Amino acid sequence: MSQKQTHCFVSLLDLCKWILSFIILMITYDLHLLGWHAFQQLCHTICRDILGQTVVSFLDTNDAGKDGAFTGTWQQKGAEDLSGQFVIQCKFTNRAGHKLQLSEVEEEFDKISKLVDAGQCDCYVLITNAGITGRFETAFKKRLVGLGVRQSLILGSTWIFAQISENKHLRMSVPRVYGLGDLSQILDERAYAQSRQLLASMREDLAKIVMTTAYHKAAKALSDHGFVLIIGEAAAGKTTIASMLAMAAVDQWALSTIKLDSPEQLNMHWNPEDPTQFFWIDDAFGMTQYESILVSNWNHKLVQVRSMLQQGIKIVMTSRDYIYRRARADLKEGAFPLFNESQVVIDVQELLSGEKEQILYNHLKLGTQPLAFIRDVKPFLQAVAAHERFIPETARRLADPAFTNGLQLWEPLVLDFVDKQEGHLKDVIRNLDKDSQAALALIYMNNGQLNSPLVLAADEAAAIVRLGSTTGGCIEALEAMRNSLVQFTVIDDAAIWRFKHPTISDAYAAIIADSPEQLETYLQGTDLAKVLEQVTCGDVALEKALIVPKSMFPVMLERLAAFRRSAVYKSRVLTQWDAQRRVLIFLTRRSSREFIRQYLERNPELFDVILKPSMSFYYSAEIEMVIKLHTEGLLPEEQRKAFADYIISFTESGEDLYLLKDEDLQTVFTEAELAAVREQVRENLLPQLDQLRRKREGEFREYNRDTSEDHMEEFFDRMNILLEVFGEEPALSKKVEAEISRAKDWVEENNFDDRAVRPERVLSSAEAPLTTTTTRNIFDDIDAK
């Protein structure tokens, strides 16, 4: 290469670097929306993580001219190092695009002079979100030299923008910046393209995020295990934390983030050859109430989930606490111990006072309330944040005029708004016009997800007419309520309307329950598969469920009689099987004794369905139905005996040992029957365990999607059951353990899993959050223009 060519090549590189630098400088963030307190936290993080300095503390308004300080050497990239006694001053402005003027820092010079005289200020660092002109920098540094400051550094908004754009860790340490800039510029283009739909719906919420202790626990669990289950009460911030983790996955690891609604969607989206996937499952076991069918389906997928985690895929689940308490009885926690090991329980009572205040500040600052409202409510904000019933959702509602219409800004009434927020929310919905109420009804009738554009089924169209509305009126109402009571988003390329927050669904369900006319309209106008997931026939103590009273049992019986096929599968056989399974689960989990009795009178053929349950017994809806009938005294002895003989035959052959383990199933059998089956297993099955093992091993093929360990999981489960039953008999337990050992050896010999070792991915924000001490009121500048 000639000298001229080399020179041109170097010039081209310089030009590319300059263009890249220019692009970075063009990226801006609305830092003026942070507020003084969050801006100080950002500055603290910059000093620690970007500049590598350990700052002593950030102080309050009585700061004597220094927001932070340290002693030592400040190492600058590409510039002369600074050393000595440092003073750091943060200067925050609420004005967008504002350029700092010398007059605005005039009062600082007297403080700086005193600090110099006291030997506490060799070097002065000013960090501001305002713009810095060359004229200001020259004049400011000249004044500092005159006061005896040896060295100084001025870091303005342009410099801060560049640090945010270049540093992923900084963005995760202060994740609100994700919502204060253009995500398509912040993130890698590939990652953005993969997750654009998800990120578009998150941007508004990301701007209001507060880093809480619960987030750091969740980030650590995700880093350590690749999986985290976030549990908390309604509106505690579970989804917010999940969205922050999703953003981390996109930004730090360039993972493609996929949000799922059901276990079945795993098969659609999981790529066994691609470890760069992040799965987010919100409300994994039910949105507002426990849905046992979801848990049953997750149990079927646990082997697959384990394989995904081994591959390096990350998974986040969320669940309301009361729903998870119900789900635990049905989840195979033994097969998936991460349900216990990687839980993060969010207790709103454990939110620090500063976290609550910052949550409230962010929502009001970025909400839609007029300035006059914010000024009038400002004196009560600390009391609101300190209220024992304050939750993140409280802040969102207080920041939206749709929820505060008619609220008088007097402290007792404002605190009553916090204390009785469920009642206030129901009043808001009741006071809506008929079109808005009908639009909310449509979302509820569609289990929280209403497809757009709006195309109503005949039953739905009839339902909204009964509510006094029309299709056109509902469309207009949805637009009017957008981003307050409802949200428009895109999931899996499908445009949908949904409630802005699940608590709105809770409130609407409570309103329906109080109105017989609305309840009948809902029951007649909603797809039955969705009704079966939302109501109970009679009170069966299922939290948040919509209770159908005895007077409306005939409506449900008629609808169940017509339910022959679900819409879950395309195959006719599978749709019939799924419809039958859903009815059985509804009768077992969501029906009172009286409703079941009435159903049996109309459908005596039910016994033909349930007496010979399908395999495997652990997942069998038929077995659950038999247990329910027996418990309620509705299982005739002839049918009980036929069922018992069927189960015993599979137990004695070793094909399914669920009877030996499950105490609920054992209640259907007599003591003599149970004793006899145990004796048959001891005498006939235990001597043939090697044949049982070889048979299972022979069913494995190298090209199976399951690993050899996954393939043998069922065999190991059976052996563990035998150990529990015969563990006190040394000779028998020794024989079982020997077969387990041989099976493990076979698993090792047939391990054909050639996937790469799980990549190490650790969230850089998983460490404990920064803490600052201040006596200044965080709400001081909330009403600043």
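Guide: The account below starts with a helix and then turns to strands, cysteines and backbone details. The model is predicted: local features need pLDDT of at least 70 and side-chain atom pairs count only at pLDDT 80 or more, while totals for chains, interfaces and linings use all residues. Residues are numbered from 1 along each chain as its sequence is written, and side-chain values use heavy atoms, with hydrogens and water left out.

Helices (H or I, at least four residues) and strands (E, at least two) are DSSP runs, numbered from the N terminus. Buried here means under 20% relative accessible area, exposed means over 50%, and partly exposed lies in between, with a 1.4 Å probe and protein chains only. The buried residues of α32 are A621, E622, I623, M625, V626, I627, K628 and L629. The cover over them includes α29 (572–590), α30 (593–602), α31 (606–610), α33 (637–653) and α35 (663–666), where contact means heavy atoms within 4.5 Å. After α32 comes G633, with a positive phi near 75°.

Next come the strands. Strand β4 (residues 151–155) is mostly covered, with 5 of its 5 residues buried. In a regular strand the side chains alternate between the two faces of the sheet. In β4, Q151, L153 and L155 point one way and S152 and I154 the other way, and all are buried. Strand β3 (residues 123–128) runs parallel to β4 and is joined to it by 5 bridges; two strands pair if DSSP finds at least two bridges between them. In this pairing I127 stands opposite L155. Together with helix α4 (residues 134–147), β3 and β4 make a right-handed β-α-β unit. Right-handed means that, with the strands pointing away from the viewer, the path from the first strand over the helix to the second runs clockwise.

Elsewhere, an open sheet of 3 strands has the order β10-β12-β11 with antiparallel pairing. Its edges are β10 (450–451) and β11 (486–491), each with a single partner strand, so one side of each is left without a neighbour in the sheet. Between β11 and β12 (residues 494–499) there are 6 bridges in the antiparallel sense, and F488 has W497 as its bridge partner in β12.

Now the cysteines. A search of the whole structure finds 0 disulfides, a disulfide being a pair of cysteine sulfur atoms within 2.5 Å. C43 is in none; the nearest cysteine sulfur, that of C90, is 3.5 Å away. C43 has 0% relative accessibility and therefore counts as buried. For C123, the closest cysteine sulfur is in C121 at 7.6 Å, too far for a bond. C123 is likewise buried, at 0% relative accessibility.

Q40 belongs to helix α2 (residues 36–50) and, at 9% relative accessibility, counts as buried. From Q40 to F92 there are 52 residues in sequence, but 8.3 Å in space, C-alpha to C-alpha.

The remaining points concern the backbone. The peptide bond from S452 to P453 is cis, with omega near 0°, and P453 lies in the loop between β10 and α23 (458–466). N483 is not a glycine, yet has a positive phi of about 70°. It sits in the loop between α24 (471–481) and β11 and is partly exposed at 39% relative accessibility. K544 also has a positive phi, near 70°, in a residue other than glycine. Its loop runs between β13 (535–537) and β14 (546–548), and at 44% relative accessibility K544 counts as partly exposed.
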